[in-house]
Amino acid sequence: PSPLPHLFYGASIPSPLTSVTLTDADALDDYTFENCSRLRTITLHKDLKTIGAYAFYNCRGLQTLTLPSTVTRIENNAFDGCTGLKKITIPSSVTTIGHSAFQGCSGFDGMLVIEETDDLIIGNNAFSSCSGFTGLELGYGVREIGEYAFYRCTGMTGDLAIPNSVSSIGSYAFYQCNGFDGTLTLSENLSVISSYAFSNCT
């Protein structure tokens with residue numbers, strides 16, 4: 001089969017970019033917009049399937065992002081350090097959120113919604129230290145929650161419901177998520193809750 005058309009492979013992207021519209025791409029390669037700290041808005045192509053590792057690493061100025069309903073993979077550290085991001089919804093098409101994909105995105109202001117999906121793995125440190133979220137909604141279909149996945153997401157309030165599709169929760173997954181003030185509902189199909197998964201959630 002023909003390879004997927006990748007965008008900007010091997011190219012040097014000018015760091016002063018402030019706005020980008022992608023008109024044709026099935027995949028963004030690793031490091032595509034790394035350190036484009038002035039980038040504020042990006043419009044992703046409607047057929048995009050993969051966002052590569054470190055694709056938007058350290059894009060601190062990025063504020064708005066809509067993930068198209070075709071995206072299946074958000075690779076490791078894809079949005080790591082994007083401290084300007086305000087809102088994000090993970091569409092139902094996504095099956096993998098890589099390690100540290102949104103780590104340190106401390107500028108969020110609102111609910112983190114992970115839509116109902118067929119089969120989703122949330123990688124280690126995926127949302128670690130994302131202190132701006134006000135709540136968390138996990139859709140059915142999430143299968144695994146990795147280690148440190150929501151570590152120190154201290155702003156989340158209300159209830160926390162782990163859907164029945166979840167079979168394992170990694171160590172320190174919700175460590176110090178001490179803003180929750182409602183009811184914790186665990187999956188009926190959990191086989192593993194690792195050490196300190198909910199430690200210091202007081």
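Analyst: Leu 184, Leu 186 and Ile 193 make a nonpolar surface patch of about 240 Å². Such a patch takes residues with over 30% relative accessible area and no salt bridge, joining nonpolar side chains (Val, Leu, Ile, Met, Phe, Trp, Tyr) within 5 Å and like charges within 9 Å; areas come from the Shrake-Rupley method with a 1.4 Å probe, and only the protein chains shown count as cover. This is a predicted model, in which local features need pLDDT of at least 70 and side-chain atom pairs pLDDT 80 or more, while totals for chains, interfaces and linings use all residues. Residues are numbered from 1 along each chain as its sequence is written, and side-chain values use heavy atoms, without hydrogens or water.

Leu 186 lies in the loop between β15 (184-185) and β16 (192-193); strands are DSSP E runs of at least two residues, numbered from the N terminus. With a relative accessible area of 36%, Leu 186 is partly exposed, that is, between buried (under 20%) and exposed (over 50%).

Ile 122 has Ile 145 of β12 as its bridge partner. Their strands, β10 and β12, pair in the parallel sense over 3 bridges, where pairing requires at least two DSSP bridges. β12 also pairs in the parallel sense with β14 (residues 168-169), over 2 bridges, and there Glu 144 stands opposite Ser 168.

The side chains of Asp 119 and Arg 143 meet in a salt bridge at 2.6 Å, N to O, the limit being 4 Å between a side-chain nitrogen of Lys or Arg and a carboxyl oxygen of Asp or Glu. This pair links distant parts of the chain, 24 residues apart: Asp 119 in the loop between β9 and β10, and Arg 143 in β12. Asp 119 is partly exposed at 32%, as is Arg 143 at 30%. Salt bridges with shared partners join Asp 119, Arg 143 and Glu 144 into one network.

Key
Helices (H or I, at least four residues) and strands (E, at least two) are DSSP runs, numbered from the N terminus. Buried means under 20% relative accessible area, exposed over 50%, partly exposed in between (1.4 Å probe, protein chains only).
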